Amino acid sequence: MSARLLPVLAVLSGLLALWYGAVGPMNIRQALDLAERKGVAVQPEGALARQEVSAFVLMARNPGEVARGYALERPRLPTPGQVAGELWATTGEMALRGRGFSKRSLIYHGWITLQSTLAGFALGTALGVLGAVMIVYSRTMEMSLMPWAIISQTVPIVALAPMIIVLSGQAGIEGRGLPKAIISAYLCYFPVLVGMVKGLRAPTREQLDLLRTYNAGGVAGFLKLRLPASMPYLFTSLKVGIAAALVGTIVGELPTGAISGLGARILIGDQFGNPMAIWAALFAAAILAGVLVTLLGGVQGMVLKRMGMAV
Amino acid sequence: MSVFGLALLFWLAAWAVNAALARSRWRDASGVRVVVPVLFGAAILGLWEGAVRGFGVSPVILPAPSSVAARFAGETGLLWEDFLQTVLKGALSGYAIGCGAAFLVAVLIDRSRFLTRGLLPVGNFVAALPIVGIAPILVSWFGFDWQSKAAVVVVMVFFPVLVNTVQGLAEASAMQKDLMRTYAASYLQTLLKLRLPAAMPFVFNGLKIATTLALIGAIVAEYFGSPTRGMGFRISTGVGRLDIELVWAEIAVAALTGSAVFGLVSLVERWVTFWHPSQRS
């Protein structure tokens, strides 16, 4: 365990150090503007004159003001600590005060995003498994459907996202849950389809022949051989699929003027010039993705162990 | 109503032809492999056209494919301008920079086993994250023009290509590396003659994933601010003005571009990795 943990920790702390180091040059102009407004003498004077000078020169000529860039209220690039503070302030702290589901808390917005993600994941998985069964059992389906499934993933779904929202609005569907779920299902079905086609074809010729000697019909062959054999493939694709579903939901929230959900927090943070809200929502989305994939990994371990397929 | 019935009939006929072709003895001929999906797609388009005309669906909700095609033909100048801005300037430059940087970093990191072991799980995790969300931040850093779109694309394609390249570089077996050592091959020779060629199927897998991501990144970034041209800009303003036919024409451009670039990368892949079992069937 530690043999794998140590390198990961080293890489993570390296990235963190890189981020922390970048805050200085990214924020120095803002920090100097602020210092000048407070009457501190800075070199060179005037924001326009500073435009001509590179960030590193500014840092070298105003070493006393660099620290100010690490404590700005609306920084271009917040420090890791600031992001963690904002994340805690909008989740744990609000929950401790019993306002975990207020509209200002990321728990509420994460919940909205999670609902659409799970709905899209369920829809996408169902479509993917259904498509895979049809492709495995019908040669016509395989020849007509498979190329289009591949083409569908080369179409940038974001181009369609505003259309899907408008269409479902015109069709009289209330709320934004369903259109977002459709977008995430669109991204999620493909890995499941490909994985299940592989999985359902995993049984060997001998195994299929053995079933025939038992006089097993098509349904029994599917339930007792093909479906169990496909489980490892299914779970591997489900882990890819749920991450894709989360991406789909956030993409569905971004360009469409949604007001709740993690993607909407990013949008609102952008419109109100509040970068901290964007960063906090981004990290909340990352944590959500990590939790979902880890949970599925746990289910995978349990199911495969019960089926005697654990590696 | 009768128009829709006609479309339904066309769909059934197309399906029957496809089923017959799939069962015939020419089913593995390359011509048939193209005709069947094309017929399937045409049948779907026919069904769409028939449904829109037969049920009198308002063009504000869903325009017929034929009217979208007419709009497409009438607006080629505008569509080309948007294509130039979004695909050639934003997506393509970002794709080249992002994939190139990821490839170089992967080759450098590969020299250290410690870094490789640490970076693979982190990179795999980051590659699964909704990185598109970073678009508003990068637009505020790099301004409204194509540079910010390229930056979003760079961040989005970097990790999938990095992870795939690192995995590919581990692909050469111990036996093959031993053989290179008996030839007294240097690190660089082993890299160029054995490990990079062996990594190519993985690299191309990453490059293929990155093509779609690049288009998604370039289009989403335009939703957060762009000059008055570009596919994302046209789509978001088109939806606002209920100019739905133009939006579908832009979607068609995006779809054609995505498929064409994917096809191009696959073609190069076939040419580079002709020796791989998946390319020899």
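Reader: Which side chains meet in a salt bridge with A:Asp209 in it?
Author: The side chains of A:Asp209 and A:Arg212 do, at 3.7 Å, N to O. A salt bridge here is a side-chain nitrogen of Lys or Arg within 4 Å of a carboxyl oxygen of Asp or Glu. This is a predicted model: local features need pLDDT of at least 70, side-chain atom pairs count only at pLDDT 80 or more, and totals for chains, interfaces and linings use all residues. Side-chain values use heavy atoms, with hydrogens and water left out, residues are numbered from 1 along each chain as its sequence is written, and chains are lettered from A and ligands numbered from 1 in the order in which they are written.

Reader: Where do A:Asp209 and A:Arg212 lie?
Author: Both lie in helix H10 of chain A. They are 3 residues apart, about one turn of the helix. Helices are DSSP runs (H or I, at least four residues), as strands are (E, at least two), numbered from the N terminus.

Reader: Is A:Arg212 buried or exposed?
Author: A:Arg212 counts as exposed, at 55% relative accessibility. A:Asp209 is partly exposed, at 32%. Buried means under 20% relative accessible area, exposed over 50%, partly exposed in between (1.4 Å probe, protein chains only).

Reader: How many salt bridges over all chains?
Author: The count is 11. One of them joins A:Glu142 and A:Arg201, at 3.5 Å, N to O.

Reader: What does the pair A:Glu142 and A:Arg201 tie together?
Author: A:Glu142 lies in helix H7 (residues 139-154) of chain A, and A:Arg201 in the loop between helix H9 (177-200) and helix H10 (205-213), so the pair ties together parts that are 59 residues apart in sequence. A:Glu142 is partly exposed, at 23%. A:Arg201 is partly exposed too, at 39%. A:Arg139, A:Glu142 and A:Arg201 are linked in a network of salt bridges.

Reader: New topic. How many residues does the contact take from chain B and chain A?
Author: It takes 51 residues from chain B and 51 residues from chain A. Contact means heavy atoms within 4.5 Å. The area buried between the chains is about 4400 Å², and carbon and sulfur atoms give 82% of that. Buried area is the accessible area (1.4 Å probe) that two parts lose on being put together, summed over both.

Reader: Which residues in chain B lose the most area to chain A?
Author: B:Pro130, B:Trp141 and B:Phe224. Together they make 14% of what that side buries.

Reader: And how many salt bridges between chain B and chain A?
Author: The count is 0. There are 3 residue pairs in polar contact, both residues at pLDDT 80 or more. A polar contact is a pair of N or O atoms within 3.5 Å; within protein, one must be able to donate a hydrogen and the other to accept it, and residues adjacent in sequence count only if both atoms are side-chain atoms.

Reader: Which helix gives the most to the side of chain B that touches chain A?
Author: H11(B), with 9 residues. By class, that side has 40 nonpolar, 7 polar and 4 charged residues. Ala, Val, Leu, Ile, Met, Phe, Trp, Tyr, Cys and Pro count as nonpolar, Asp, Glu, Lys and Arg as charged, and the others, Gly among them, as polar.

Reader: Last one. What domains does chain B have?
Author: The assignment gives domain 1 (2-57) and domain 2 (72-279). Their centres, taken over C-alpha atoms, are 34 Å apart. Domain bounds come from an automatic or database domain assignment.
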